[in-house]
Amino acid sequence: MEPNLRFGLSTPQSFIQRFLHWTELLDPANLFISIEKIEKSRQLLFTNEDAVRNNPDDQRIKEAWKMSLSTVHPDSSSLIPLFFRPAALLPLTAPLISFYGYTTAFNIINGNSSYSHNWVERVFLGTGAFVSSAAFGLFPHLIQIKYPLNNPLLQRALLLIFFTQASAVNVFASRSFEPTRGIKVMDKEGRVVGLSRKAAEKAVRETSFSRVVLVGISVLIPEVFIHFYKRTQFFLQNPPSLWAAKLSCTILVMGLMVPVSFSMFPQVGQIQSRKLEEEIQSSTEETELFYHRGV
């Protein structure tokens, strides 16, 4: 069984445990792990099938899990391209100009890849997802151009609502093949039972919600901070500090919210068999099945 998938099936975690786990995987140093080190870590995990349960304090095993989980896709067992590894999300989405293009590619590459697809379909899917989410995100700016809003609070609220909704639209659009074609569901031993569209819908819905939380809070808190910062004596004496203060607050909040949003739901999700398609229910006696949710 793929080690990363085995890790998700064998280690049920609480939100706090998932959060601490993600703070390790989001370390920017994980972007610079050599292929040789990744291969050695994978070999170690393949030759220690009980590494999750029997070696919790072994430093070599810990490092091997960290390298494998942060660089290899659980569905395809292939290397995640350098700039689309989870650790690259924060550094590359900080400039808003690249936000929609990057997050579209990030969502496609880190989504579930167990359904049938080819690269041409993914290119067209990514292009459509980028255009639709970017258009949705630009909508509040177009509204303000045609119908100027004098209330600053209303302007910020409109921007927040559309920006978070655009993030949700991006997830739904970039992973729209999953609910239409179905993703693999498996038992606790990792044996594939079938392809389920209902499990895919749940996976995409959970990921979309976590992205709304990530973007919404990352936009909201800096706006609230700046609202009160403008009333301070320091700002009155140093007006140019506003931009630096807002940028610092945004990066700080987003740096915290990335692991929070990734930790909201387990990467290997669970679903009751009775909630799946009839053909899947009839092909297994398991009451609970598992699927790879994606990031």
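Modeller: Happy to! One cut-off first: a residue is called buried when its relative accessible area is under 20%, exposed when that area is over 50%, and partly exposed in between. Please keep in mind that this is a predicted model.

Eight salt bridges are found in the structure, and I will walk you through some of them. Let me begin with Lys66 and Asp27, whose side chains form a salt bridge at 3.8 Å, N to O. Lys66 belongs to helix H5 (residues 59–71), while Asp27 sits in the loop between helix H2 (15–25) and helix H3 (35–46), so this contact ties together parts that are 39 residues apart in sequence. Asp27 has a relative accessibility of 29%, so it counts as partly exposed.

Next comes the pair Glu223 and Lys246, with a salt bridge of 2.9 Å, N to O, between their side chains. Here, too, distant parts of the chain are linked: Glu223 is in helix H11 (residues 197–229) and Lys246 in helix H13 (residues 241–263), 23 residues apart. Glu223 is buried, at 16% relative accessible area, whereas Lys246 is partly exposed, at 32%.

Finally, Arg191 and Asp187 meet through their side chains in a salt bridge of 3.0 Å, N to O. Arg191 counts as exposed because its relative accessibility is 52%.

Terms used. Residues numbered from 1 in each chain as written. Predicted model: local features only at pLDDT ≥ 70, side-chain atom pairs only at ≥ 80, totals over all residues. Heavy atoms only, no water. Salt bridge = Lys/Arg side-chain N within 4 Å of Asp/Glu carboxyl O. Helix = DSSP H or I, 4+ residues; strand = E, 2+ residues; numbered from the N terminus. Buried < 20%, exposed > 50% of the residue type's maximum accessible area, 1.4 Å probe, protein only.
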